[in-house]
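Me: I would like to learn how to read contacts and strands in a protein model. Where do we begin?

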Amino acid sequence: MKILLSGTASDSHTWNLVYLGLFLEELGHEVTGLGPCVTPELLVAACRRHSPDLVVLSSVNGHGYRDGLAAVQGLRAETATAGLPVVIGGKLGVDGCRQEADVTALQEAGCDAVFGDGDLDALRDFLAARDRDRVAT
């Protein structure tokens, strides 16, 4: 699967993206990393350019809810990227606690999955299920 991996607009952390990229590659996926501080506009442009099968957004600084919402809304607003699967994981809020209202809002905006901070097992399971679905169709 071709995965576009990106940090969110205000998240300048890089090592988590390096680690996550290696994790995804070890699972057999082709990963294009955009790096940190990617605005929704840059994300949409990169999706048009790379035509990924999935977008993975990562947040470490705790603004994942706000930045993730803007990113997925930007993707859903464009015809070319409206149906592109998007997942987000990491710290969604500055308090570090998972707020179910934030998860619900992200899903309603178009996120296909919302993972907790460091929940790589859930991401692995999500990817395996998508791979099985792709093979079945």
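Reply: Contact means heavy atoms within 4.5 Å. Leaving aside neighbours within four places in sequence, Leu-43 is in contact with Leu-4, Ser-6, Leu-34, Val-38, Val-55, Leu-57, Ala-71 and Leu-75. This is a predicted model: local features need pLDDT of at least 70, side-chain atom pairs count only at pLDDT 80 or more, and totals for chains, interfaces and linings use all residues. Residues are numbered from 1 along each chain as its sequence is written, and side-chain values use heavy atoms, with hydrogens and water left out.

Me: How many of the residues of strand E3 are buried?

Reply: Buried means under 20% relative accessible area (1.4 Å probe, protein chains only). Strands (E, at least two residues) and helices (H or I, at least four) are DSSP runs, numbered from the N terminus. In E3, residues 54-59, six of six are buried.

Me: Which residues of E3 lie on each side?

Reply: In a regular strand the side chains alternate between the two faces of the sheet. Leu-54, Val-56 and Ser-58 are on one side of E3, with Val-55, Leu-57 and Ser-59 on the other, and both faces are covered.

Me: What joins E3 to strand E4?

Reply: Two strands pair if DSSP finds at least two bridges between them. Five bridges join E3 to E4 (residues 86-90), and the two run parallel. Val-55 has Val-86 as its bridge partner in E4. Strand E1 (residues 2-7) is also parallel to E3, joined to it by five bridges; there, Ser-6 has Leu-57 as its partner.

Conventions. Buried < 20%, exposed > 50% of the residue type's maximum accessible area, 1.4 Å probe, protein only.
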